[in-house]
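Let's take a walk through a protein model together. Keep the picture open while you read, and look for each part as it comes up.

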Amino acid sequence: MNKTMLVTGGAGFIGSNFIRYVFERTGFKGKIVNLDKLTYAGNPENLADIRKKYGERYVFVKGDICDFKLLGQLFKKHNFDTVAHFAAESHVDRSIFGPKDFIETNIHGTFALLETARQTWLATPGGAKGKRFHHVSTDEVYGSLGKTGKFKETTPYDPRSPYSSSKAASDHLARAYFHTYGLPVTISNCSNNYGPYHFPEKLIPLIILNALEGKPLPVYGDGLQVRDWLYVEDHCAAIWRIINKGRVGETYNVGGNCEMANIDVVKGICAALEKFSPSAGNAALGSKKYLGLIKYVKDRPGHDRRYAIDFSKIKRELGWRPSVTFKEGLTRTVVWYLANGVWVRSVRTGEYRKWIDKNYKR
Ligand code: NAD
Ligand code: TYD
């Protein structure tokens, strides 16, 4: 297994971190084909270093996971033994303003991948032996928790947003392909990630970059909603372990053991920034410094109150646990955004879109 891997959505936040993790940290000797549509969230420059370093072992294909014809061609040409499926529309706020792309990519796209894997793998003489289809999903499919309790793999699905509903549908399809056709599927449901290459529409990078630009730091509602934060590299390690050691047909919850109220996350970012890029130089911020930029704004409709993950199954069965504390992860993340001004400017100004249009016509 793992000689030729299809990674979908590998130009996005977690997918690009995963590809870097596999090449740099696992001893992987094979080839990765990264299939990505390059939506607003996809940036092939996230992997510019990997492209240079690994040459023909890293292949980028601009394309849509809903495109059956393209998927058939890619499976035939590369003879994949592993699929790591990240591609998705991933932002809850966007799903509220416009759900259509979420239904298309997250549901139809996942169906197209599963069906192509079934038609290709199960039609070969050895069947799906030695193959693995890993579906990357979210804890948001379980809905919202009260003050106590944690999501287990057995928690009934109760998605609330168009995003989480579309991910829930894709999880059900993935599971159905295992039960009905014997496709060797595994699924992971993970909590909120953060780290390098996170698109700055999501809370942590948005707050870092707004603070540096002296812009308001929007906190939805009372800011007491709780998320369970996981450093992205730990998520990548969990997925790699599930692909290689996880039991086929199983679901694994992945979390950071790190419940934080949003307002505390925002304050933590302000504190980290005061250390690494003190606001003292910015007279406009006044005596409250970065903290003075915090602005409570109208709440997100249907905003889930609390997420928390019970990851005892993956810990017990596969020996995985988070390794990076929130303090360490946040420091690494803030330092990364401060050190990567070119990437940040390109993404913030939309410059990278022009570069993509020029280089990836297709
Ligand atoms: P992202 O939005 O940063 O990246 C998504 C990538 O998918 C982009 O590169 C985009 O161009 C690509 N894509 C979108 N539609 C496509 C299509 N039709 N065909 C091919 N490529 C397409 O998302 P992310 O945060 O990296 O999330 C990756 C996966 O992890 C998603 O499935 C998401 O549901 C899941 N997840 C995310 C988090 C999180 O905190 N970000 C937590 C748990 C699970
Ligand atoms: P987000 O990063 O969008 O992830 P998700 O909705 O998938 O959990 O948001 C994380 C939390 O932060 C969520 O409770 C919504 C909140 N939030 C804000 O308070 N302000 C913001 O500007 C954003 C983007 C999110």
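This is a predicted model: local features need pLDDT of at least 70, side-chain atom pairs count only at pLDDT 80 or more; totals for chains, interfaces and linings use all residues.

Start with the strands. Seven of them form an open sheet, and if you read across it the order is β3-β2-β1-β4-β5-β6-β11, with parallel pairing. The edges belong to β3 (58–62) and β11, each of which pairs on one side only. Neighbouring strands in this sheet are turned against each other by 20 degrees on average, ignoring direction. What holds such strands together? Strands of a sheet pair through backbone hydrogen bonds, in either a parallel or an antiparallel way.

Now zoom in on two of the pairs. Strand β1 (residues 4–8) runs parallel to strand β2 (residues 31–36), and five bridges link the two.

**Around ligand 1**

Next, find ligand 1. It has 28 residues around it, and the closest are Ile14, Asp36, Ser90, Tyr163 and Lys167. Sorted by class, this shell holds twelve nonpolar, twelve polar and four charged residues. Which elements supply at least two residues each? They are α1 (13–25), β5 (132–138) and α6 (162–181). Strand β5 gives the most, with three residues.

Asp36 makes a polar contact through its side chain: an N or O atom there is 2.6 Å from an oxygen atom of ligand 1. Lys37 and Leu38 use their backbones instead. A backbone N or O atom of Lys37 lies 3.0 Å from a nitrogen atom of the ligand, and a polar backbone atom of Leu38 is 3.5 Å from one of its oxygen atoms. On its own, ligand 1 has 840 Å² of accessible area, and the protein covers 97% of that.

**Around ligand 2**

Ligand 2 is surrounded by 15 residues, and Glu140, Asn192, Asn262, Arg300 and His303 are the closest. By class, six are nonpolar, four polar and five charged. Helix α7 (203–212) and strand β8 (217–220) each supply at least two residues of this shell, and β8 gives the most, with three.

| Residue | Distance to an oxygen atom of ligand 2 |
|---|---|
| Asn192 side chain | 2.9 Å |
| Arg300 side chain | 2.6 Å |
| His303 side chain | 2.7 Å |

Taken alone, ligand 2 exposes 510 Å², and the protein buries 96% of that.

**A lysine at the surface**

Last stop: Lys275, which you'll find in helix α9 (residues 262–276). Why does Lys275 count as exposed? Because its relative accessibility is 63%, and exposed means over 50%. For a sense of scale, Lys275 and Gly12 are 263 residues apart along the chain, and their C-alpha atoms are separated by 29 Å.

Technical notes. Residues are numbered from 1 along each chain as its sequence is written. Chains are lettered from A and ligands numbered from 1 in the order in which they are written. Side-chain values use heavy atoms; hydrogens and water are left out. A residue is near a molecule or strand if one of its heavy atoms lies within 4 Å of it. A polar contact is a pair of N or O atoms within 3.5 Å; within protein, one must be able to donate a hydrogen and the other to accept it, and residues adjacent in sequence count only if both atoms are side-chain atoms. Accessible areas come from the Shrake-Rupley method with a 1.4 Å probe; for residues, only the protein chains shown count as cover. Helices (H or I, at least four residues) and strands (E, at least two) are DSSP runs, numbered from the N terminus. Ala, Val, Leu, Ile, Met, Phe, Trp, Tyr, Cys and Pro count as nonpolar, Asp, Glu, Lys and Arg as charged, and the others, Gly among them, as polar. Buried means under 20% relative accessible area, exposed over 50%, partly exposed in between (1.4 Å probe, protein chains only). Two strands pair if DSSP finds at least two bridges between them. Axes are lines fitted to C-alpha atoms, for helices over the stretch in contact, and angles run from 0 to 180 degrees between N-to-C directions.
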